[in-house]
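Trainee: I have a model open and want to learn how to read its overall fold. Where do we start?

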Amino acid sequence: MGVPTMLATVIDRRRWVIVVYALLVVAMIPGLGRVGQDNSPEVFFVRDAVALKHYRDLEFHFGRDRVLRVVLSGEGVWTARGLAWLSRLELEAGKIFGVVGAASPYAHHRWRLAAWPPVNLNAFRREVAADPLDRNAGWIGRDGSTVTVLVGFYKLPAFKQRRALADLDRLLNTAPPGVEVALAGVTALNQAMDEALVEMAMRFFPLLGLAAALLLALCLRRTAHVLMPFAGVAVCQVVLFGAMGYAGASLNLITIVAAPLLFVITLATATHVLLSFRAVANGTAGPREAVLETYRLKAWPVIWTGVTTALGFGSLAVSPVPPVQALGAWTAAAIVFMTIMLLTLYPALLVGGPQPTPAGGWNEFDDMGRRRGRSCAQWAVRHGAATRAIFALTAASLLIGIGRLGIETNLQTYFEPHHPLRVTLAQLDEAGIGAVAADLVLVRRDPSPGPFDQPGELARLGALAAELRSLGPVAGAVSVTDLVDGVARYAEYPAGTDPRQTALDQIAADPERAPMLSFFLTRDAERTRIAMFFPLLGYPELEPIFERARSAGARH
């Protein structure tokens, strides 16, 4: 069946065509509610990259945790009421569904204190400020005024993580007067990116639609002709995102770009066909003949435009970065569907819509546009050398700007300077607390002396952590040795016993502190990790530090 025959069939059965598309849209609407959001870091890993392998290995051996830092500040933190709420926050946060556990100065010091809150608040504050583990873990800032609680989340689906964060928010809303609460860390960053995506969808996409509608209303001067291109846009958007929902795909800050891309491409192509139809319709006997003549001129341009555009976006599907790959594949599929829609549903809509008349009126704007466009084209043809020179000079001058393009890898710059997340990150940086963590993972290999829980290995891990803390901009580094020393520092052991070994055994036997040990050491003690805390920086700043950390680990 050729294109003219297919179009004639579509026009003759236009009601059935419209019904079929209406049923398709209805079938896809439930899929819209199944489209999730996922801006977690591993989503953006290059598929099969070494870093992704290491990340999955870390999850397998140490658990799938996402660390969130709850930042407490204000005059009320170091009061009896504030410290009582700190203990409640740590204990109740650990009971939230999806939370691995929580740790703060309360977890580190409660076991050795006779009462909580401590009787001498000022003395306790000085002890915490001077404690190496509290400082290196970022539980307290350098000036002693900022206190944080580390909350570890399991790796959850996006909707379950949002539910867990909502439960945590309700708990944080019970903070006593004088205690200010903020969130930082990768989990908070994910939440902020999800909120930015929703804001984009709820604010900027409607503005895009409104601006396009006003422009079309100015050009087309007829409500039905403004609505017809938007009908095509709506069908394509519902089908695309409904299909993504049924396929279990999630949106992120890259794949969401498919929405405005499809909007603009569909609207532009549909408007182009409509304007051609308006131009043809004035000189034909009826709407059927006008549509057939329009598509005699425009069918193959529409087809080849769709094919080349789909191939262009489809080329992104070979990218090793999953979100870019998904953007290319879904956009290419949507462009193919758009092309089919323009050759089936759109002719049916044009035949049934209001028809142009030979009289002027609302047709005058079309005539003016054609006259102005023809005048510009004629001037460019008559002055071909000048036209080519203008564009050549423009291109040459703009080539200079290409060399000034950079790559931004610091995620906090995605947000405005006054965004709460950036304000909190600046607060942590000023307090000397790292907002995010990077883990140096060590695996025992023969002929090493023994597992990482042996005295000699604990000593070497402590020395390695101390060296890592000297690498700027590392705000702190914590190993299992630091955890053990944090207990041994406040305990007295019989002569002849190894304080570190005894403290390690105590932690392992304590149900409340054992989860902290498992964060650093696997059950067989064949693997361990050292958590390094950093400000939120870009890749160029962090990669040299990571290389030095790897070299230090190899030496030790």
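Mentor: Start with contact range. This is a predicted model. Take the contacts in the protein chain between residues at least 6 apart in sequence: 76% join residues at least 24 apart.

Trainee: How many helices and strands are there in the protein chain?

Mentor: The protein chain has 21 helices and nine strands.

Trainee: What radius of gyration does the protein chain have, against a compact globule of 556 residues?

Mentor: The protein chain has 32 Å, while a compact globule of that length would be near 24 Å. Check the spans next. Along the principal axes, the C-alpha trace covers about 110 × 50 × 45 Å.

Trainee: What about burial and surface?

Mentor: Buried means under 20% relative accessible area. By that cut-off, 45% of the 556 residues count as buried. The accessible surface is about 27900 Å², and carbon and sulfur atoms hold 63% of that area.

Trainee: Why look for nonpolar cores?

Mentor: In soluble globular proteins, nonpolar side chains tend to be buried together. Here the largest nonpolar core has 89 residues. Val70, Leu72, Leu89, Leu168, Leu468 and Met532 have the most contacts inside that core. A second, separate core has 61 residues, including Val10, Ala258, Ala259 and Met341.

Trainee: Which residues is Val70 in contact with, leaving aside neighbours within four places in sequence?

Mentor: Among them are Leu89, Val147, Val149, Leu168 and Leu183. Thr148 is also in contact with Val70.

Trainee: And the charges: how far apart are their mean positions?

Mentor: The protein chain carries 52 positive and 46 negative charges, and their mean positions lie 11 Å apart.

Note on methods
Residues numbered from 1 in each chain as written. Predicted model: local features only at pLDDT ≥ 70, side-chain atom pairs only at ≥ 80, totals over all residues. Heavy atoms only, no water. Helix = DSSP H or I, 4+ residues; strand = E, 2+ residues; numbered from the N terminus. Rg over C-alpha atoms; globule rule 2.2 N^0.38 Å. Buried < 20%, exposed > 50% of the residue type's maximum accessible area, 1.4 Å probe, protein only. Contact = heavy atoms within 4.5 Å. Areas by Shrake-Rupley, 256 points an atom, 1.4 Å probe, with all protein chains shown as cover. Lys, Arg positive; Asp, Glu negative; His and termini not counted. Charge placed at Lys NZ, Arg CZ, Asp CG, Glu CD. Core = buried A, V, L, I, M, F, W, Y, C linked by side-chain atoms within 4.5 Å.
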